[in-house]
Amino acid sequence: MNVDKLLIDLEKKHPGELEYIQAVREVLESIEEVYNQNPQFESAGIIERLIEPDRVLIFKVPWVDDQGQAHVNIGYRVQFNNAIGPYKGGMRFHPSVTLSILKFLGFDQIFKNSLTTLPMGGAKGGSDFNPKGKSNAEIMRFCQSFMLEIWKLIGADVDIPAGDIGVGGKEIGYMFGMYKKLTNEHNGVMTGKGRNWGGSLIRPEATGYGTVFFAQEMLKTRGESLMGKIVTVSGFGNVAWGAIKKATELGARVVTISGPDGYIYDPDGITGEKIDYLLELRASNQDIAKPYSFEFPDSQFHEGKRPWEVKCDIALPCATQNELNEGDARMLVANGCKCVAEGANMPSTPEALEVFLDNRMLYGPGKAANAGGVATSGLEQTQNAMKLSWTAEEVEAKLHLIMVNIHEACVKYGTEPDGYVNYMKGANIAGFMKVANAMLDQGVI
Ligand code: NDP
């Protein structure tokens with residue numbers, strides 16, 4: 001494999017798709033050595049077939065607002081690879097959504113899903129629709145219109161969408177309702193469903209819980225735990241919320257959350273009633289950071305800034321891609337941060353990654369550290385197929401074990417001669433090997 005040539009060709013074919021190229025580059029650089037040790041991969045064109053999605057659906061999503069005005073958004077579903085199981089990956093509704101972002105997410109999802117050890121391929125979808133500030137009726141009409149296009153492409157054994165930025169239980173409910181109406185089937189076609197109609201306990205918290213479990217495993221390798229540690233978190237969404245809950249439960253103090261407008265620093269820790277207050281704000285589609293600082297006057301709102309300037313032991317980026325750059329990484333190192341576990345997908349820029357690795361930090365990349373979300377989606381599918389529900393304790397125990405196993409796989413493939421564990425390399429190689437071997441078994445298709 002010639003990484004430079006592959007990337008040049010890919011950029012020519014897909015000009016301007018920066019996030020996609022960034023994600024492919026990271027994986028290719030990690031797996032280059034092991035790929036070249038296996039000539040059967042080269043002759044079967046594994047990498048050329050893996051870096052292009054199997055198919056992409058792009059469509060318009062017309063919908064009508066509460067004033068009777070029609071709007072049009074763009075919808076996408078990127079089905080990347082189904083070598084080890086049906087396509088699986090979330091839906092993102094956010095104005096920043098582009099094909100490049102969904103291709104990067106779908107590509108990374110292949111390796112993440114492989115790491116979970118569950119039979120799931122990689123996909124991603126979404127729209128540039130912004131649910132913020134929209135009424136429930138508007139969100140419902142949008143979700144119904146969106147489903148009118150993708151229902152033909154998905155299925156419980158074909159492609160199983162889930163949530164992501166801007167898509168939580170409410171949006172999943174509206175989309176599932178329309179799917180059910182169109183197909184007359186009530187099955188496990190989507191995950192992140194409501195508890196009363198096929199959802200799994202712990203799924204809402206699972207990504208954040210998993211990220212903290214992964215951080216816990218990394219800390220253990222240096223004889224440490226979360227007890228007494230100061231933690232900075234970015235975002236306050238599906239992922240951040242679970243991460244804050246679990247980190248606090250394990251004895252850490254979480255001192256920040258953030259939104260696109262800035263971050264909150266709360267030295268007393270974000271716990272209990274404060275989390276409930278934040279969840280209320282989110283449920284009513286409101287900004288969270290400023291109102292929080294009014295409600296809890298001991299906290300401070302830092303407008304237009306990111307939380308990485310705050311002194312911490314552990315940083316958990318849980319908002320969005322490329323939200324932590326080289327300068328932020330250097331600030332974390334200077335402030336004594338020892339561990340970064342990514343709840344978000346690709347939140348650290350390539351330059352920030354170099355800083356983490358150069359400083360021998362415990363760095364858990366998103367595709368390993370946030371795999372608990374999709375893993376628990378896989379557990380939801382299993383419960384749907386068996387037509388039964390596990391208790392919260394059962395689901396959490398399975399999630400915990402999956403995260404411990406992902407950590408072990410990263411250590412196995414990522415330990416360097418001096419003993420440092422490069423979790424990024426480990427996650428990419430471990431995820432890749434399984435998919436590549438499945439592709440070899442199934443022939444050139
Ligand atoms: P949510 O929409 O629930 O939360 C996202 C949070 O990040 C919100 O607090 C949002 O603020 C903030 N945010 C969004 N864009 C920006 C930005 N440009 N700058 C700063 N803050 C921003 O999404 P999720 O929690 O579901 O997803 C967060 C990340 O985790 C994403 O990278 C996603 O791909 C990844 N992920 C999610 C999984 C899941 O199970 N949901 C699974 C695995 C990974 P505001 O609401 O004010 O806009």
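**Entry 1. Helix 15 and helix 16**

I began with the contact in which Ala371, Gly372, Ala375, Thr376, Leu379 and Gln383 of helix 15 meet Val395, Lys398, Leu399, Ile402, Met403 and Ile406 of helix 16. I sorted the residues of this contact by class and noted 8 nonpolar, 3 polar and 1 charged. I record here that the model is predicted.

I then looked up the geometry of the pair. Helix 15 covers residues 371-386 and helix 16 covers residues 392-414. Their axes lie 10 Å apart, and the packing angle is about 135°. Angles over 145 degrees would count as roughly antiparallel; helix 15 and helix 16 are therefore oblique to each other. I noted the handedness of their crossing as right-handed.

In helix 15, the contact residues include Ala371 and Ala375, and also Thr376 and Leu379. I set beside this a general rule: an α-helix has 3.6 residues a turn, so residues three or four places apart point the same way.

**Entry 2. Helix 8 and helix 15**

Which other helix did I look up against helix 15? I took helix 8, residues 203-220, whose axis comes within 7 Å of that of helix 15. The two axes cross at roughly 145°, and the crossing is right-handed. From helix 8, the contact uses Arg203, Ala206 and Thr207. From helix 15, it uses Gly372, Gly373, Val374, Thr376, Ser377 and Glu380. By class, I listed 2 nonpolar, 5 polar and 2 charged residues in this contact.

**Entry 3. Helix 1 and helix 2**

I turned to helix 1, residues 3-13, which packs with helix 2 at an angle of about 165°. The axes of helix 1 and helix 2 are 10 Å apart. Are these helices roughly parallel or roughly antiparallel? Because angles over 145 degrees count as roughly antiparallel, that is the term for helix 1 and helix 2. Their crossing is right-handed.

Helix 1 contributes Val3, Leu6, Leu7, Leu10 and Glu11 to the contact. Helix 2 contributes Tyr20, Ile21, Val24, Arg25, Leu28, Glu29 and Glu32. I counted by class and found 8 nonpolar, no polar and 4 charged residues in the contact of helix 1 with helix 2.

**Entry 4. Helix 13**

Which residues of helix 13 are buried? In helix 13, residues 350-358, I listed Ala352, Leu353, Val355, Phe356 and Leu357 as buried. I then looked up what these buried residues pack against: helix 2 (18-36), helix 12 (326-334), strand 11 (339-341), strand 12 (362-364) and helix 17 (423-442). After helix 13 comes Arg360, and I noted its positive phi, near 50°.

I next traced an open sheet of 5 strands, in the order 1-2-4-3-5 and with mixed pairing. Strand 1 (55-64) and strand 5 (159-162) are at the edges; each has a single partner strand, so one side of each lacks a neighbour in the sheet. On average, neighbouring strands are turned by 20° against each other, direction ignored.

Arg55 has Gln79 of strand 2 as its bridge partner, and Val56 stands opposite Val78 of strand 2. The two strands form a hairpin with 5 residues between them. In its turn, Gly68 has a positive phi of about 90°.

Strand 2 also pairs with strand 4, in the antiparallel sense and over 6 bridges. Gln79 stands opposite Ala123 of strand 4; I had already noted Gln79 as the partner of Arg55.

**Entry 5. Asp298**

Where does Asp298 lie? I found Asp298 in the loop between helix 11 (289-295) and strand 9 (300-303). Is Asp298 buried or exposed? Its relative accessibility is 55%, and the cut-off for exposed is over 50%, so Asp298 counts as exposed.

I set aside the neighbours within four places in sequence and noted that Asp298 is in contact with Pro267 and Asp268. Asp268 is 30 residues from Asp298 in sequence, and the C-alpha to C-alpha distance of the pair is 8.0 Å.

Methods. Residues numbered from 1 in each chain as written. Predicted model: local features only at pLDDT ≥ 70, side-chain atom pairs only at ≥ 80, totals over all residues. Heavy atoms only, no water. Axes fitted to C-alpha atoms, helices over the stretch in contact; angles between N-to-C directions. Helix = DSSP H or I, 4+ residues; strand = E, 2+ residues; numbered from the N terminus. Parallel < 35°, antiparallel > 145°, perpendicular 65-115°, else oblique. Left-handed = near helix turned anticlockwise from the far one by under 90°. Contact = heavy atoms within 4.5 Å. Nonpolar A, V, L, I, M, F, W, Y, C, P; charged D, E, K, R; others polar. Buried < 20%, exposed > 50% of the residue type's maximum accessible area, 1.4 Å probe, protein only. Pairing = 2+ DSSP bridges.
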